[in-house]
Each structure stands twice: as structure tokens, then as C-alpha cells.
Amino acid sequence: MIKICLSIIEKNTLEGDESVIFNLLDTKSMSSFAIVKKSKVISILNHLVEQDYIEKTGNGRGTKYQR
């Protein structure tokens with residue numbers, strides 16, 4: 001049996017920068033190594049991980065975030 005879990009997000013749940021980053025992950029994954037303004041973006045990404053909106057894989061330079 002295959003189990004698929006999907007996050008259901010209401011339209012106004014995410015705001016501002018969280019919404020922008022979450023929508024960027026719709027088309028591709030994001031590597032923490034490729035982020036220019038790391039501290040703010042990584043903080044937002046980690047917040048989205050904590051809320052189970054996105055997944056974080058790897059660590060250090062190999063960390064990737066995806067929906």
C-alpha cells in the first residue's frame with residue numbers, strides 16, 4: 001500500500017515573505033547553498049518546515065527544501 005500525505009493550505013494562511021518562498025518551491029527545490037540573503041530566508045524556510053508546509057532534506061551545504 002502507498003500512503004500519500006498532502007498539505008492543505010488555505011489561500012490566506014501564509015503572508016509576505018513566507019508566501020513568496022513557498023510559491024517559489026512550487027516549481028523546484030531550493031538549496032540553502034544557493035540562497036543570497038541566507039539568514040532571513042533560512043529562518044523562513046525553517047518556520048515553514050516546523051509548520052509542515054515543506055520538507056527539509058540533507059544538512060550543511062547539501063540542505064534542500066521542497067514542497
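Visitor: Where is I42 found?

Guide: In this predicted model, I42 belongs to helix α2. Helices are DSSP runs (H or I, at least four residues), strands are DSSP runs of E (at least two), and both are numbered from the N terminus. Residues are numbered from 1 along each chain as its sequence is written, and side-chain values use heavy atoms, with hydrogens and water left out. Local features need pLDDT of at least 70 and side-chain atom pairs count only at pLDDT 80 or more, while totals for chains, interfaces and linings use all residues.

Visitor: Why does I42 count as partly exposed?

Guide: The classes rest on relative accessible area: buried is under 20%, exposed is over 50%, and partly exposed is in between (1.4 Å probe, protein chains only). I42 counts as partly exposed because its relative accessible area is 23%. Its C-alpha atom is separated by 9.7 Å from that of Y65, 23 residues apart along the chain.

Visitor: Which elements make up the chain, and in what order do they run?

Guide: The chain has two helices and three strands. From the N terminus on, the order is α-β-α-β-β. Of the 67 residues, 25% count as buried.

Visitor: Which residues form the largest nonpolar core?

Guide: In soluble globular proteins, nonpolar side chains tend to be buried together. A nonpolar core here is a set of buried Ala, Val, Leu, Ile, Met, Phe, Trp, Tyr and Cys residues joined through side-chain atoms within 4.5 Å. The largest one has 11 residues: L14, I21, F22, L25, V41, I44, L45, L48, Y53, I54 and Y65. Helices α1 and α2 (38-50) are the elements that give two or more residues to this core. The largest share, four residues, comes from α2.

Visitor: Why does I21 count as buried?

Guide: The relative accessible area of I21 is 7%, so this residue is buried. I21 has its place in helix α1. The C-alpha atoms of I21 and V41 are separated by 7.9 Å, and the two residues are 20 residues apart along the chain.

Visitor: How many aromatic pairs are there?

Guide: A pair of aromatic rings is described by the distance of the centres and the angle of the planes. Rings of Phe, Tyr and Trp (its six-membered ring) pair if their centres lie within 6.5 Å; planes under 30 degrees apart count as stacked, over 60 as edge-to-face and the rest as tilted. The count comes to one aromatic pair. F22 and Y53 form an edge-to-face pair, at 6.0 Å centre to centre and 70° between the planes. This pair links distant parts of the chain, with F22 in helix α1 and Y53 in the loop between α2 and β2 (55-57), 31 residues apart. Both F22 and Y53 are buried.

Visitor: What is the phi of D52?

Guide: Most residues other than glycine have a negative phi. Phi of D52 is near 65°, a positive value in a residue other than glycine. D52 lies in the loop between α2 and β2. D52 counts as exposed because its relative accessibility is 58%.

Visitor: Which residues does E18 touch?

Guide: Contact means heavy atoms within 4.5 Å. Not counting residues up to four places away in sequence, E18 touches I44, H47 and L48. E18 is found in helix α1 (residues 16-24).

Visitor: Where is the place of S29?

Guide: S29 is in the loop between α1 and β1 (30-31). Its relative accessibility is 33%, so S29 counts as partly exposed. Leaving aside neighbours within four places in sequence, S29 is in contact with K64, Y65 and Q66. S29 and Q66 are 37 residues apart in sequence and 4.7 Å apart in space, C-alpha to C-alpha.
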